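User: Please take me through the helix packing and the aromatic pairs here. Keep it brief.

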Amino acid sequence: MSEQQVTAQVEAATAQVEAGTGTIGGAGAPGAAEFVGRSPGQLAWLRLRRDKVAMVSGAVLVLFILLAAAAPLVARLYGKGPQERFPERLDRNGFPLGYAGVSGDHWFGIQPGIGRDIFIQLVYGLRTSLMIAFTAAVLTIALGVVVGIVAGYVGGWVDAVITWIIDLALAFPFYIFCFAFVPLAVNQFYGPRDEVASWFRPALLVLIFVMFNWTTSARLVRGQVLSLREREFVEAARASGAGLGHILFRQLLPNLWAPILVTFSLNVPALITAEAALSFLGIGVLEPTPDLGRLINDSVRYLRDVPSFTIVGGTTLFLLVLAFNLFGDSLRDALDPRSSR
């Protein structure tokens, strides 16, 4: 029986004794109820449900994800597209009429100078940011887990080489590399007069994020495997003649899901922030693809005259990243029965 299963059974017994629904050693006593066994996942879900911060942040995340996933449906119901412009709602200087152009037809107002609807830009900007962040996070975790589990279990020169590569990747300055690599990659595939495909820059950002972020999950998994590879269940698998792949992915990997999930939940907001920062600096997602970082960049020049434009975009990005971070912290506490609040 693994340490995780023992901990789960002890927690289940303690919870039932405190609630008066179970007994320790009195299984045959009159009126005594039998223990109901719960898996570690069920116990983690119970702890997560009791956490109000997790429930509120999770509800905010679900709202953002639904808006992003249903962006075309939202645009159809709202009656406005992300590239649709409303020049009649702007004055001669390009500023929205009324207070930031807010009306029953434009909930968050009109984008100064361009005349696009800000609400639908935010919805499609969420879609772009979440798509890039989730894709990069999944690929990052997958690569990091494979590299880390191999390095931790095999050891020797394989571990030494992988550790050296990780240290080399961590030594690269991320933003300086992006400033040099992104324009070079765009010029390599497109000429000065060619129109860059809408998918190219998002795909390029995903590639860059995977190149730089797999090291975190690889180091975490490697450290966990170093402590797990000497456990009894691994020794039993070796003694029974199990192959390397079976030990790595059938014996070790199931014991790593908790740190992997926590790393994923905390990696997504970091990638959202990095993507927004690159787009804000002009080397990420560019026109005509909607993006939160570029939307905030466009709003800076109108900060004095139309401050609500900057506030709406900045608040949306802030709430999205905050909700992910709070939910990630709550998930870590729920998956670790020894954590304390």
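**Helix packing and aromatic pairs**

User: Which residues in α13 do Val-53, Ala-54, Ser-57, Gly-58, Val-60, Leu-61 and Phe-64 in α3 meet?

Analyst: This is a predicted model, where local features need pLDDT of at least 70, side-chain atom pairs count only at pLDDT 80 or more, and totals for chains, interfaces and linings use all residues. Residues are numbered from 1 along each chain as its sequence is written, and side-chain values use heavy atoms, without hydrogens and water. Contact means heavy atoms within 4.5 Å. The α3 residues meet Thr-316, Leu-319, Leu-320, Ala-323, Phe-324, Leu-326, Phe-327 and Ser-330.

User: At what angle do the axes of α3 and α13 cross?

Analyst: Helices are DSSP runs (H or I, at least four residues). Axes are lines fitted to C-alpha atoms over the stretch in contact, with angles from 0 to 180 degrees between N-to-C directions. The axes of α3 (residues 52–69) and α13 (residues 307–335) come within 8 Å and cross at roughly 135°.

User: How are the planes of Phe-177 and Phe-181 arranged, and what is the angle between them?

Analyst: Rings of Phe, Tyr and Trp (its six-membered ring) pair if their centres lie within 6.5 Å; planes under 30 degrees apart count as stacked, over 60 as edge-to-face and the rest as tilted. Phe-177 and Phe-181 are four residues apart in helix α7 (residues 174–189), so about one helical turn separates them. Their centres are 5.2 Å apart, and the pair is stacked, with planes at 15°.

User: Are Tyr-190 and Phe-200 buried or exposed?

Analyst: Their aromatic pair is edge-to-face, 5.1 Å centre to centre with 80° between the planes. Buried means under 20% relative accessible area, exposed over 50%, partly exposed in between (1.4 Å probe, protein chains only). Tyr-190 and Phe-200 are both buried.

Note on methods
Helix = DSSP H or I, 4+ residues; strand = E, 2+ residues; numbered from the N terminus.
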